[in-house]
Amino acid sequence: MKVAILGLGYVGFTAACCIASEGHEVIGIDVSARKVRMIREGRAPIVEPRVQELLEAGLAGGLIRADTAIGSHLDDCDLAIVCVGTPSAPDGSHNMGFIADVSRQIAEALRRGGRAAPLTVAYRSTIRPGTTEGLIAPIFRAALGDAADRLVRLVYNPEFLREGSAVEDYFAPPKIVIGTADGQPDPVMARLNAGLRAPVFVTGYREAEITKFIDNSWHAVKVAFANEIGRVCLALGISAGKVHEIFVSDTKLNISPAYLRPGSAFGGSCLPKDVRALQYIAADSGAATPLVDSLLRSNEAHKHRLFEYAAEGLAPGARILLAGLAFKAGTDDLRESPNVDLARKLLNAGFDLRIFDPGIDAEKLVGANLGYAYSHLPMLEALLVDRAAAEAGPWERVIGANATVALLDLPPGTDRRDLHPLP
Ligand SMILES: NC(=O)c1ccc[n+]([C@@H]2O[C@H](COP(=O)([O-])OP(=O)(O)OC[C@H]3O[C@@H](n4cnc5c(N)ncnc54)[C@H](O)[C@@H]3O)[C@@H](O)[C@H]2O)c1
């Protein structure tokens with residue numbers, strides 16, 4: 001293939017070297033005359049393991065060229081990859097100026113050029129969700145009019161490489177994410193990535209665009225959490241290294257997909273209690289733990305949002321069935337169950353609520369569980385319905401608060417809104 005790469009920084013230059021090493025012809029374009037001159041002279045413009053040798057091999061094989069302007073380079077390209085910078089704007093958003101500029105330049109080159117087949121233009125810069133549909137596509141439509149669909153196929157393809165191991169990561173990324181207009185694969189991207197070892201996800205633009213922000217924020221959460229635990233350990237004279245070893249050895253619950261699916265708030269008899277206790281231990285030992293301190297507030301915010309989502313579009317007085325009251329299906333533990341809070345919020349908002357949970361028998365609740373249930377839902381007994389009544393309805397909405405909802409055989413067309421997992 002012939003591939004144009006726009007923006008020859010860490011991402012673009014690494015991609016240029018790696019793609020050329022796979023036998024593709026690469027034309028790299030950067031507005032920096034200095035970078036272009038260095039590449040032509042065989043000097044890598046970035047410091048990164050292996051790129052210098054890949055550049056030299058690419059130049060020797062006639063597979064890497066560089067230029068400061070697009071000119072007519074796109075006329076016979078199979079693919080253009082955009083890797084321009086998206087630096088922070090003063091308000092914390094990403095500055096999309098370079099993305100807009102380069103998109104206009106590509107569109108202008110396509111308008112002038114004589115392409116018969118559409119060009120796949122893959123954006124690899126990190127851009128906020130909605131940018132492809134809200135900024136990039138309109139730029140191409142404005143410049144090309146009706147010919148836009150004939151001349152260009154837009155793809156969003158986030159980059160996951162890490163500086164310091166960029167070449168290695170290019171060939172073995174953690175995943176490949178391809179965002180397209182219809183969520184279907186793009187054959188040109190499939191050809192480009194044929195030699196890479198990684199799971200491939202083809203999705204819509206927005207899911208692909210948000211991936212990088214989620215990944216990087218998650219990595220930041222991991223670092224901040226690890227350091228907060230490290231501070232608590234230091235303060236208490238506990239070995240942070242040993243604690244780390246024990247923590248990461250647990251690939252069932254700790255380093256795993258467990259607890260990462262959006263849906264229910266956390267609750268039950270352990271998590272809220274022990275998070276509160278860790279806050280106390282940290283404060284008592286003088287260790288600052290702002291991330292841990294934020295967990296319960298974040299959970300309360302989520303509970304409120306779930307209530308809004310559950311009740312969305314319904315008028316007070318609407319008949320609602322809440323399927324599942326315990327913090328998870330198959331238990332009768334109501335202590336700090338977020339579903340108890342949800343029921344309370346729905347009742348306070350004036351809905352005609354009933355609850356189905358085969359694990360809950362109001363007469364059998366004892367001890368702390370009983371106290372919690374009745375202090376939060378004093379009318380619990382009157383709200384509980386059995387399975388026959390739950391299935392008979394009629395309900396204006398059935399809320400699936402946990403997996404209990406799967407037990408119900410609901411009439412077709414039932415307005416059902418599951419909170420766990422979120423769609
Ligand atoms: N650096 C990383 O480790 C990394 C990893 C993943 C994703 N990203 C994302 O990839 C994007 C690029 O990052 P980077 O670190 O390579 O940036 P960079 O600043 O090193 O390189 C960007 C290059 O784009 C060039 N450029 C700007 N406007 C241009 C135009 N109109 N035409 C041609 N070239 C133009 C600049 O001269 C510069 O050389 C960013 O969105 C970044 O967030 C970076």
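Which residues of helix α11 are buried?

Modeller: Happy to. This is a predicted model, in which local features need pLDDT of at least 70 and side-chain atom pairs count only at pLDDT 80 or more, while totals for chains, interfaces and linings use all residues. Residues are numbered from 1 along each chain as its sequence is written, and side-chain values use heavy atoms, with hydrogens and water left out.

The buried residues of α11 are Pro272, Val275 and Ala282. Buried means under 20% relative accessible area, exposed means over 50%, and partly exposed is in between (1.4 Å probe, protein chains only). Helices (H or I, at least four residues) and strands (E, at least two) are DSSP runs, numbered from the N terminus. Helix α11 itself spans residues 271-285, 15 residues in all, and runs 21 Å from its first C-alpha to its last, close to the 21 Å expected at 1.5 Å a residue. That expected span is 1.5 Å times one less than the number of residues.

Now look around the axis. Just after α11 comes glycine 286, with a positive phi of about 85 degrees.

Rings of Phe, Tyr and Trp (its six-membered ring) pair if their centres lie within 6.5 Å; planes under 30 degrees apart count as stacked, over 60 as edge-to-face and the rest as tilted. This rule gives two aromatic pairs. In one, the rings of tyrosine 170 and phenylalanine 171 have centres 5.3 Å apart and planes at 85 degrees, so that pair is edge-to-face. Tyrosine 170 and phenylalanine 171 are both buried. In the other, phenylalanine 225 and phenylalanine 247 have ring centres 6.2 Å apart and planes at 45 degrees, so the pair is tilted. That pair joins distant parts of the chain, with phenylalanine 225 in α9 (residues 205-236) and phenylalanine 247 in α10 (residues 240-249), 22 residues apart. Phenylalanine 225 is partly exposed at a relative accessible area of 29%, and phenylalanine 247 is partly exposed at 34%.

Rings meet charges here too. A charge sits over a ring if NZ of Lys or CZ of Arg is within 6 Å of the ring centre and within 35 degrees of the ring normal. Lysine 175 lies over the face of phenylalanine 160, 4.2 Å from the ring centre, and the charged end of arginine 417 sits over the ring of tyrosine 309, 4.6 Å from its centre.

Let us end with a strand. In β1 (residues 2-6), five of its five residues are buried. Lys2, Ala4 and Leu6 point one way from β1, and Val3 and Ile5 point the other way. In a regular strand the side chains alternate between the two faces of the sheet. β1 pairs with β2 (residues 25-29) in the parallel sense over five bridges; two strands pair if DSSP finds at least two bridges between them. Across that pairing, alanine 4 stands opposite isoleucine 27 in β2.
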